[in-house]
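Me: I have a structure open and would like to learn how to read it. Could we go through it feature by feature?

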Amino acid sequence: MTEPATLRVFVNGTALSVDHGRTILDAVRAFDASEADEIVAGTRAVTDSRGLPVALDAPLAGGTVLRIVSARALRSAEEQG
């Protein structure tokens, strides 16, 4: 059986198809390039489905669920936790 040509991932509830070998930042950029720019600038951040921060250069797996959040809110939550 052959593997599908793309992976299905979700960013802020939107389903996207991305090529194998792409990163979390690539998925966000496919979702919204301006959001990706804000993440690189440090004003926004990316979390997994549990709300835990993820590395932007991490490779994607099929079914990955990502959320874009305020970097300030994420830092505040980490400081309280």
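**Reading the chain**

Reply: Start with the surface: the chain exposes about 5100 Å², and carbon and sulfur atoms supply 52% of it. Keep in mind that this is a predicted model.

Me: How many helices and strands are there, and what pattern do they follow along the sequence?

Reply: The chain has three helices and four strands. In sequence order they run β-β-α-α-β-β-α.

Me: What percentage of the residues is buried?

Reply: Of the 81 residues in the chain, 28% are buried. As for contacts with a separation of 6 or more, 46% of them join residues 24 or more positions apart.

Me: How do I read a nonpolar core, and which residues have the most contacts inside the largest one?

Reply: In soluble globular proteins, nonpolar side chains tend to be buried together. Here the largest nonpolar core has 15 residues, and Val9, Val11, Ala27, Val28, Val46, Leu60 and Leu66 have the most contacts inside it. Two or more residues each come from strand 1 (6–11), strand 2 (14–19), helix 1 (24–31), helix 2 and strand 4 (65–70). Helix 1 gives the largest share of this core, four residues.

Me: What does Leu60 touch, leaving out residues up to four places away in sequence?

Reply: Its partners are Leu7, Val9, Val18, Arg22, Thr23, Ile24, Ala27 and Leu66.

Me: Which residues of helix 2 are buried?

Reply: They are Glu35, Ala36 and Ile39. These three lie on the same side of helix 2, because they cover an arc of only 100° around the axis. They pack against helix 1, strand 3 (44–47) and strand 4. Val40 and Ala41, on the other side of helix 2, are exposed.

Me: Why does Glu35 count as buried?

Reply: The cut-off for buried is under 20% relative accessible area. Glu35 has 15% relative accessibility, so it counts as buried. Glu35 sits in helix 2, which spans residues 33–41. Apart from neighbours within four places in sequence, Glu35 is in contact with Val28, Arg44 and Ile68.

Me: What should I look for in the backbone angles?

Reply: Most residues other than glycine have a negative phi. Asn12 has a positive phi, near 50°, and is not a glycine. Asn12 belongs to the loop between strand 1 and strand 2, and its relative accessible area of 35% makes it partly exposed.

Methods: Residues are numbered from 1 along each chain as its sequence is written. This is a predicted model: local features need pLDDT of at least 70, side-chain atom pairs count only at pLDDT 80 or more; totals for chains, interfaces and linings use all residues. Side-chain values use heavy atoms; hydrogens and water are left out. Buried means under 20% relative accessible area, exposed over 50%, partly exposed in between (1.4 Å probe, protein chains only). Contact means heavy atoms within 4.5 Å. Accessible areas come from the Shrake-Rupley method with a 1.4 Å probe; for residues, only the protein chains shown count as cover. A nonpolar core is a set of buried Ala, Val, Leu, Ile, Met, Phe, Trp, Tyr and Cys residues joined through side-chain atoms within 4.5 Å. The arc is that of the directions from the helix axis to the C-beta atoms.
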